[in-house]
Amino acid sequence: MSDWIAIGAMGLVGVGIPLAMMMVSALLRPSVPEQGKSATYESGEVPTGTARVQFNIQYYMVALLFVVFDIETVLIFPWTVIYRSALEQGASLATILTPMLLFIGVLVIGLVWAWRNGAVKWVKSPQANRRKTERQA
Amino acid sequence: MVPAQYYLVLSAAVFCIGIFGLLTRRNALLFLMSVELMLNAANINLVAFSYYWGNVTGQTFGLFVLALAAAEVAVGIGIILTLYRNFDDVDVMQATTMRW
Amino acid sequence: MIIEALIAVTFLAALVTFVLPDRYAGKAAFALSLVPVVGSLFMWQQYDASGNALLGGTAAFETDVVWLQLGQYDLHWMVGVDGISMPLIVLTTILSTLAIVSAWTPIAERQSQFFGLMLFMEANLLGVFTALDFFVWFIFWEAVLVPMYFLIGVWGGPRRKYAAIKFFVYTNIASLVMFIGFISLVFGLGDSISSLRLPEIAQALQAGQLGGFAGLSAGALASVAFIAMFFGFAVKVPVAPLHTWLPDAHVEAPTPVSVMLAGVLLKMGTYALLRFNFTMLPETARSFALPIALLAVASVIYGALLALAQQDLKRIVAYSSVSSMGYVILGLIAYTTYGVGGATFQMVAHGLISGLMFMAVGVIYNTTHTRMVTDMSGMADRMPVTAGIFVAGAFGYMGLPLMAGFAAEFFIFKGAFESTVMEAMPLFTGAAMFGIVIVAGYLLFAMQRTLFGPFKFDGDYEITKAPFHDVAPLAVLLLLTIVLGVSPDIFFTMIQDAVNPILELGGAF
Amino acid sequence: MTLLQTVPEWTATAPAIVLAVTGLVLLLIDTIDPDTSSNGVLAGTATLGSLTAGGIAGWFLTQGTGMESTGGAITLYGDALVVDGMSLFFTLIFTSVAAMVSVASYDYLAGRRYQGEFYSLVLFATTGMTLMAMSNSLATVFVSLELASLPSYALVAFLKKNRGSIEAGLKYFLIGALSSAVFAFGISLVFAVTGSLLLPDIAANLSVGSDLVGVLGLGVLMIAGGFAFKTASVPFHFWAPEAYEGAPAPVSAFLSSASKAAGFAVAFRVFTVAFPLGTVTTLSGGSVDWSLLFAVLAVVTMTLGNFAAATQENVKRMLAYSSIGHAGYALIGLAAITVDGGVANGDVLGASMAHLLVYGFMNTGAFLFIAMVEKWGIGRTFADYNGIASKAPIAATAMTVFMFSLAGLPPFGGFVSKYALFYSAIESGFWWLAAVGAVNSALSLFYYSRVVKAMWIEEPSKSLEIGSQPVGLYVAIIFAAVGTVLLLPGFQPVIETAQTVAAALF
Amino acid sequence: MYMQATLSETISGLLGLEGVLGDVVGGLVGAFIIANIMLIMTAIAGPWAKRKITAAFGDRIAVNRIGPFGLLVIIPDAVRLLSKELIVPEGVDRPAWDLAPMIIPFSALLGFAVIPMGNGIQLADPETGLAFAFAVASIASLGLVMTGYASNNKFSLIGALRAVAANIAYEIPLVITAASVVIFTGSLQMSEIVAVQAEPLISVAGITIPTWFAFVNPFAFALFIVANLAEIGRNPFDIPEAPTEIVAGYQTEYSSVYFVLIYLGEFIHIFLGGAIAATLFLGGPAGPFLPGFVWFVIKIWAFFLFTQWARSAVPRLRVDQFLEVGWKGMLVLSFANLVLTAIIVGVIA
């Protein structure tokens, strides 16, 4: 219990320090608003278009992979924690290792498949795209 | 120690927030978030009562619910992405090529 | 096993015909349909049943195996033949073959499907007449409708869609009502029966096992079931107020289909009435004698009058068969050996004769492409054989002695006069007999206008002799009619043997 | 069975394992060369896998695996899974449907992208359904339900460029996500009340009694909601028309037959094992009478489905609504359960299972026929079906068989299965349910026969042209048709097995 | 296992406070102390050490005017940064833009709550310490997204996305490698992990080498360090704020104190990374002769030095190379490491 109270305290401090610094600087800093200053920085040029630019779909792919694998780590951790004590209490290696091997094996198959299908490939080669479009037609 | 029934109230509240968001928002992503809220309401119950009953069943199942929620989001965002490509919008009410 | 073989062969024939290319279909169907004919004749020759299959008599070729064990009542595959069903089976096979032959000319497209459906229907009809388990019987009974629906709907005349749907809806609703009626009867019987075999049910009913169900007393339940079933079958027969689907179906259906419809399908209704209502619930039937007799006479007279008013040859025949089926009902309700027997005999006889008439009309139509009495006259000059047979058939219809029609109607009237179900019976009989006069009236009228007199035909078709394979079936039918008329006993003895047990049934409750 | 003594127990889950492995193998095949993996190989593998799984399940059934004859149900992994007759029976349904769908997809997917993904998704979904039928704990129920659902979402939205498919996928997913959240919350409530997720333990803890009956009722209600989604019955049925209409037809077939059956499988087990009516109706704090709930749902569902179907102009959509109606019929299996029903409970449940099996054949076939029509590029409305029979009599005959069988007309499997269902309902005293059902099926004849009428009786429009004769689709459809017909004479073993295994639940 | 009083408990003990009040006060005081330690270290690292080290690599002499070794440059720098005008570009999404600079240092500081920094110098010691550390450390990516999204600037957006991609791509190898350590410890509790490493591995010529996992499983250690580098976005993985490609990435539009906060956050993250690495692989605060806290500081400064060395010595990867290394190299390797460790441990046991 006390642990979490302490952590909460750390959280408070973690919020408090930045706030304090902001106040200090708010007292110190000047404020001279100008047109030029507040323009969005685009290497000194006049900003064009919206900043919400469309970006590479691969970012989404990566995020997707992350969601999958990160969740798997959640399921792996409990296993790692009990692994050794279970062994010491005489669980046979097969019973305690095989399931996790299967689990990771399935994951790896998924990863390999995603890999081959270019989920983690940042730029698709135009040749491959052409092949696909031909198949589509 | 907080009595277990209070957690029921808390989770019910979270669940209702989820329902509310789900009923009031037409943005598919917000819809997903609301669903996440509802699922996590379930998790609150599971964890709280697994503590209350003194078994880890609830906690373990909570992990699975997390995992499935993530998987659901993964699929869902994919669908929403294609939705955006086809309808140029993520408004769930936009897509009405078929009549109800 | 021969019954199963018969049905299976016919199904197989249907399947084969269905997948054959169109140009062989007709001939193949004819050839294949000869197998059931031979089979049925063989059965007739081997026939060794005695008494009524439902009332403890021994049915011929009986098989009885458990098919479905479902809760309280087992469903059996039980088939068998007795004196009532045997003639109808022979009638079915022969008439189907002849109908198939008569279809060669009129059916021009999608033949393989047409003939396949004809054979499919024949198979199901055989099932209807042989099944002795209610469930099996009901499946066949319903399965007959499906091919009929297509035969009318696909190959029919201009208003065929309307006719097909009307037929389908009428008969299906009727079946539903009948089914509910019967099932309520079954639940009324409760534990006294262990299966849905008709003999078991009939005997249980005789033993007075009927109890109440759903808040009805035994008697009330019996009445309700009787009415429901009577309604269901009366639509099929058809009895006067419920007959409206028939003319449409007949007029729109192609000739061979009308032949099957009038010749066999209507008999399903009367057969079922005899098997179910009048065998299982005789007391209730007797108590309902008056309304039933009224209905019978009504259909006789009303059908005849309507026929009188028609211009379309086919409609004439259609309505006249309504009136003839009225006789059957009359005979059934008479509850005398001649009445019920005659009714059964009339089923066969009318099957042959109405088939004959429809075919004759069809032959004329094939050449003239019209059926309107007003459109033609003096056909006898151009197609003497057809005309001759037409006339013969017509006389058979009027009940000319030495023809099946005469025998049947004679038996029915004899039975009806002897009937003791109520005092007024002779009165009804007299009224019914008056129907014959009208029949004679409209038939003579129609023939006089179409066949005789100076040849006149407003229509640009070349009128020639009908091809042999059109006329041959007519000839065969005529022959059979005469044979039956000369010696009715070839069927009547076995029929009487089967119907007598029904008459001996005493009051059940 | 000596066999069962010789092999380890986990082999009882062989069908599920085979399905899952096949799914992975498909992925691997697709991995070898993503761009040029052959459609034939993939379809073959998928079909082979599902057939193998089905074969194993059937063999187990005949050997009596997990039934009284061999020492009762086999429970595995801390009772999380149970292999008994019921699970095997349903596995048979899923696998046969999956096999038909895979065969049919061979033509449907020809020249499309992402074939490997399609088949493996189908296989994974089937695995999930098999696990649903086996799951003996609310945890496994939820996990396997998601395993069945998530691939389905992707499958429905499979045509990435087709707005209808995307919309269908979206709606299916949104309602699915909602209902799964509701379902999870319901589970958490039940866990809160009983402190266990294992179905038998829940029942045991309930019989002790509980002071949170209200919470329990809410939980049961929410769990029922989750099943209502999976089985496309009121009140979570909205997705069904959209999803079935928009999805690729083989997927519609898969969902409306297998997925629905899976929902029923797990619903049957959960409600009969975890919440025995005798227990939950006699709780100290009050009564949670779910059979009443299901009775109401059944009536509403079948009526709504039928009336909505009658008003459709689009054949696929009509079928979608009709499948809602059939969900209503199958619900009778739960609705007609009574506290002191005894053997009647098992009978009606078994009848419902048998109906689901027959339904699996006829409905899959019907949707596959639509898949063929889509392949031909004919339109989707009744009018567009005019005169198909004159061009493709065999397929049209098969479709006619499906339609009449769905309507419950003799002489097809649908008739006898409906008869069994209604009859057993009457036996357990719910004659009014049976009556509603009978009236509904009489009504359904109207819209089913419209299809038949259009195909056979209406004249084909001049432009009606039927291109190829897709082999796979034909094979699948004819297989389904033959199955539908043969299930009439061969109904005895089906109903017998179904009722035996169902009786084992009580 | 031995239970050592955590810092908060010690303080509350010193103040003689009991119960919840004691916990709260002790926690606050302890948190304040630790936070300030971190601030001081960052202050040294940011304006001074960084420049010195970089200069040393270039064989130059950096800040050396004010104070010994120019240490006092810290003060003017701090004043300069704090007193700059805060320019709020048009079109920024205000609440998010303001919140982000707070989140980044917050997550880093929170991570330190569970790090054992020497006997008794550990604010809190929950059973799930390790998981907690990783969890709060990755809150930072949320702040990064907010900066990029709120700034209404193309560079910022892309920079933020890159940053998140980097974080998540290397998060998994990081965590999986940590898991391979957990197999040894059988616990997620930081103190427990440290305690396990205290046991002697082998003793060569009187010098006993403890079972630091860096010795036990150097492969995992290497993996972890590399993944850590990517996590904190330093060369060769500094694509999030690659100045030559996208100006300054997500912090392009930030100035004055907000910039300071982000900068601060990054440095504290470096230290946090070092701290976790030290705790997992280098026996935490353990070490001969010197007190634990000193060893701890040495270790994390060593890590800092390492990052700066990498910054000056190694070229930056292209973004696609970066992600392919992550997904195809690190991920597979870390899984292999996990499985092998499990098998070896299983076979030995």
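In which helix of chain C does C:L261 lie? C:L261 belongs to helix α10 (residues 255-280) of chain C, where helices (H or I, at least four residues) and strands (E, at least two) are DSSP runs numbered from the N terminus. This is a predicted model, in which local features need pLDDT of at least 70 and side-chain atom pairs count only at pLDDT 80 or more, while totals for chains, interfaces and linings use all residues. Residues are numbered from 1 along each chain as its sequence is written, and chains are lettered from A and ligands numbered from 1 in the order in which they are written.

**Surroundings of C:L261**

- C:L261 counts as buried because 25 C-beta neighbours lie inside 10 Å; the cut-offs are 20 or more other C-beta atoms within 10 Å for buried, 12 or fewer for exposed, and anything in between for partly exposed, with C-beta atoms placed from the backbone.
- Leaving aside residues up to four places away in sequence, C:L261 touches C:A249, C:H250 and C:A253; contact requires C-beta atoms, placed from the backbone, to lie within 7 Å.
- C:L246 is 15 residues from C:L261 along the chain, and their C-alpha atoms are separated by 9.0 Å.

**Chain E**

- Chain E contains 14 helices and 2 strands.
- The C-alpha trace of chain E spans about 60 × 55 × 45 Å along its principal axes.
- Of the 349 residues in chain E, 55% are buried.
- Among contacts in chain E between residues at least 6 apart in sequence, 74% join residues at least 24 apart.

**Interface between chains E and A**

- Contacts link 74 residues of chain E with 62 residues of chain A.
- On the side of chain E that touches chain A, at least two residues each come from α1 (7-15), α2 (19-57), α4 (94-111), α7 (154-185), α12 (256-281) and α14 (319-348) of chain E.
- The most is given by α7(E), with 14 residues.
- By class, this side of chain E has 48 nonpolar, 14 polar and 12 charged residues; Ala, Val, Leu, Ile, Met, Phe, Trp, Tyr, Cys and Pro count as nonpolar, Asp, Glu, Lys and Arg as charged, and the others, Gly among them, as polar.

**Confidence in chain A**

- The average pLDDT of chain A is 77, and 84% of the residues score at least 70; pLDDT is the predictor's confidence in each residue, from 0 to 100.
- Within chain A, confidence is lowest in helix α5 (residues 126-136), at a mean of 55, and highest in helix α4 (residues 93-116), at 85.

**Backbone exceptions in chains C and D**

- Most residues other than glycine have a negative phi, and most peptide bonds are trans.
- C:V237 and C:P238 are joined by a cis peptide bond with omega about -10°, and C:P238 is in the loop between α8 (218-236) and α9 (245-252) of chain C.
- The bond from D:P410 to D:P411 is also cis, with omega near -5°; D:P411 is in the loop between α17 (393-407) and α18 (413-427) of chain D.
- C:R110, not a glycine, has a positive phi of about 50°. C:R110 is in the loop between α3 (85-102) and α4 (111-130) of chain C and counts as partly exposed, with 18 C-beta neighbours inside 10 Å.
- D:D79 has a positive phi near 65°. D:D79 lies in the loop between β1 (74-76) and β2 (81-83) of chain D, and is partly exposed, with 16 other C-beta atoms within 10 Å.

Key: Contact = placed C-beta atoms within 7 Å.
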